Amino acid sequence: MSTVTYRDALNQALKEEMQRDDRVFLMGEEVGVYQGAYKVSKGLLQEFGEMRVVDTPITELGFAGIGVGAAMVGLRPVIEFMTWNFALLAIDQVVNAAAKLLYMSGGQFNIPIVFRGPNGAALQLSAQHSQAFESWLAHIPGLKVVSPGTPRDAKGLLKSAIRDDNPVVFFEGEMLYNTKGDVPDEEYVIPIGQAELKREGDHCTIVTYGKSALMAVQVADQLEKDGIRVDVVDLRTIRPMDVAAITASVRKTNRAVVLEEGWEVCGVGAQIVDHIQRDCFDDLDAPVIRVHQADVPMPYAKNLERAAKPDVAKTIAAVKKVMYLPD
Amino acid sequence: MAQAKIKKKAEPAAGSEGTTAEERQVLLRSMLLQRRFEERCAEAYALGRIGGFCHLYIGQEAVGAGAMAALRADDYIITTYRDHGQALARGLSPRAIMAELFGRSDGCARGKGGSMHLFDRSLNFLGGHGIVGGHVPLGAGVGFAIKYRGGDQVCLCFMGESVVNTGAFHEALNMASLWKLPVVFLIENNRYGMGTALERASSIHDIYLRAASYDMPRAYVDGQDVLAVRSATLEAVRRARTESTPTLLEVRTYRFMGHSMSDAVSGTYRTKAELEEHMKRDPIMVLRIQMQEAGEIDDAGMAKLDEDVKAIVQDAWDFAEASPEPPLESLHEDVLVETST
């Protein structure tokens with residue numbers, strides 16, 4: 001084991017997969033000469049050259065489509081979006097092309113591509129740079145959607161995503177890049193579609209993924225001091241969702257809080273709650289509570305931004321509420 | 001980029017030099033097959049055998065036939081939703097196409113794609129795509145992959161003239177020229193984006209001139225003359241193959257039918273008189289007259305060819321009608337593949 005940042009874990013995954021398979025290339029804005037807007041691609045241009053680490057003009061729609069076209073004929077592109085906010089310009093290529101081609105060609109053209117980049121709020125970037133889009137893409141059949149919260153998961157899942165023969169949407173977190181964690185020194189992959197229990201407890205379940213998994217762990221650690229033991233189910237993958245892991249935990253704890261960075265309405269949490277009510281109806285001792293971003297565009301001012309985001313205190317309050325405990 | 005400046009002047013491509021009598025026969029047959037096939041498509045649509053959107057190519061057959069004749073078997077084609085004629089010209093089985101249009105399990109996309117989404121991996125036919133402009137970056141991406149591998153294939157990317165106003169077109173052509181990708185961007189200018197005339201949609205009416213924005217070689221050609229289309233495409237393909245340089249080729253054609261089966265052929269956005277004027281240059285007639293004058297075909301030969309082609313189309317119809325509907329279990333197939341690596 002080594003202690004590695006989330007950023008470097010992703011860098012290792014890219015590097016190892018590019019060494020392993022020369023069909024893999026990285027394309028996006030500032031990935032090469034600038035070494036990555038968030039330095040995820042540091043050193044890759046020097047090692048692999050400009051045919052495999054391709055700086056693009058600012059053309060999300062264009063280079064996402066170039067990736068899909070290259071994948072149609074056998075390459076394995078990794079398309080980096082500087083942030084998912086900008087990827088909205090490319091959503092036609094993700095939704096109408098990458099996710100559809102296998103189906104509408106009757107199984108002839110699979111698209112082995114990864115679309116990746118940071119998602120969700122950072123600090124005071126305001127409305128156009130602080131959005132969490134998992135639910136948009138998790139809605140689409142034909143895609144896999146991954147959102148790791150730790151360096152170990154980030155590396156193992158990015159390697160799986162690159163090896164996957166389907167389009168994979170990979171959500172990172174701007175606020176995660178500097179976080180550190182243990183990463184195995186030996187080669188490993190983490191399968192897409194498998195949740196992991198990040199904390200074990202029998203009083204309440206928190207179901208979450210991505211950056212929020214870190215928050216959930218903090219919540220669990222803090223509640224443990226009060227004798228409240230929380231199961232933290234880190235989904236890691238949103239589509240396909242590890243429903244069995246959710247239901248196993250809720251059947252044990254009989255209570256659930258669903259935590260996500262995104263907005264409430266039609267969010268990923270709504271889907272999780274639906275699975276819980278269908279599969280664990282008789283196991284529940286309290287209604288499931290969701291913790292999410294306020295239903296507003298992200299404000300700039302520090303105090304308003306804080307009020308809009310989910311946080312440890314709001315999540316603790318939710319856990320206490322489903323346990324019918326006083327605040 | 002010095003090399004890429006070779007053909008900046010647009011010139012209508014010349015006539016029949018460079019084709020053999022046999023090649024002209026093949027082109028005539030290809031166009032006639034497209035025509036007869038689509039006439040039966042219109043009939044099938046009226047009978048409810050074909051549903052959804054169905055965009056006919058009638059009037060534009062010289063573009064598909066001529067352009068396809070300029071390609072090698074290992075080259076790639078990507079196109080729009082008006083794709084029946086090009087698919088036939090590339091050699092997709094008329095049976096598999098008709099079965100697809102009928103929504104049957106023997107269709108070239110197992111009944112999952114329909115009229116707008118014909119595919120054949122074995123022929124490098126990368127599909128009909130339904131979002132105007134959306135497939136142009138894909139075409140550039142195929143070119144990128146060819147260059148990445150060091151191959152000498154070419155990607156032929158068809159599009160309608162209304163595509164030139166989309167952002168996807170601009171982004172793709174800029175990168176294709178910047179990175180010198182082996183792609184031929186072939187615009188089938190049939191004068192109307194659905195019901196909006198070119199002059200009402202594009203600030204530039206000679207749309208091949210758009211290529212100047214990307215420092216890209218460009219040309220325009222008479223799209224009703226299949227030999228001219230073939231010749232112009234060959235030049236663009238040669239430039240892509242040997243110089244890895246893209247070309248914007250504007251092929252000026254006209255559709256004789258409505259935008260799709262659901263709109264009137266004329267009367268709203270174009271006059272009957274305009275339509276009739278253009279129909280005087282039916283691409284099949286243009287080549288037939290050239291061949292007749294050269295003594296390469298006579299009325300009996302034409303009648304025989306027509307009978308042959310009609311028989312192929314009838315066989316395709318019969319095959320499609322006999323083909324079973326897709327099994328219900330196929331509903332959930334082809335969403336994802338099992339990963340092999």
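1. Chain A and chain B bury about 3,700 Å² between them, with 68% of that area on carbon and sulfur atoms; buried area here is the accessible area (1.4 Å probe) that two parts lose on being put together, summed over both. On the side of chain A, the residues that lose the most area to chain B are A:Val73, A:Tyr103 and A:Met104, together 19% of what that side buries.

2. This is a predicted model, in which local features need pLDDT of at least 70 and side-chain atom pairs count only at pLDDT 80 or more, while totals for chains, interfaces and linings use all residues. Residues are numbered from 1 along each chain as its sequence is written, chains are lettered from A in the order in which they are written, and side-chain values use heavy atoms, with hydrogens and water left out.

3. Counted by contact (heavy atoms within 4.5 Å), 48 residues of chain A meet 45 residues of chain B. Across this interface the rule finds zero salt bridges, a salt bridge being a side-chain nitrogen of Lys or Arg within 4 Å of a carboxyl oxygen of Asp or Glu.

4. Helix 8 of chain B, residues 226-243, has 18 residues and reaches 25 Å from its first C-alpha to its last, close to the 26 Å expected at 1.5 Å a residue; the expected span is 1.5 Å times one less than the number of residues, and helices are DSSP runs (H or I, at least four residues) numbered from the N terminus. This helix is mostly covered, since 13 of its 18 residues are buried, that is, under 20% relative accessible area (1.4 Å probe, protein chains only).

5. After helix 8 of chain B comes B:Ser244, whose phi is positive, near 45°.

Conventions. Helices (H or I, at least four residues) and strands (E, at least two) are DSSP runs, numbered from the N terminus. Buried means under 20% relative accessible area, exposed over 50%, partly exposed in between (1.4 Å probe, protein chains only).
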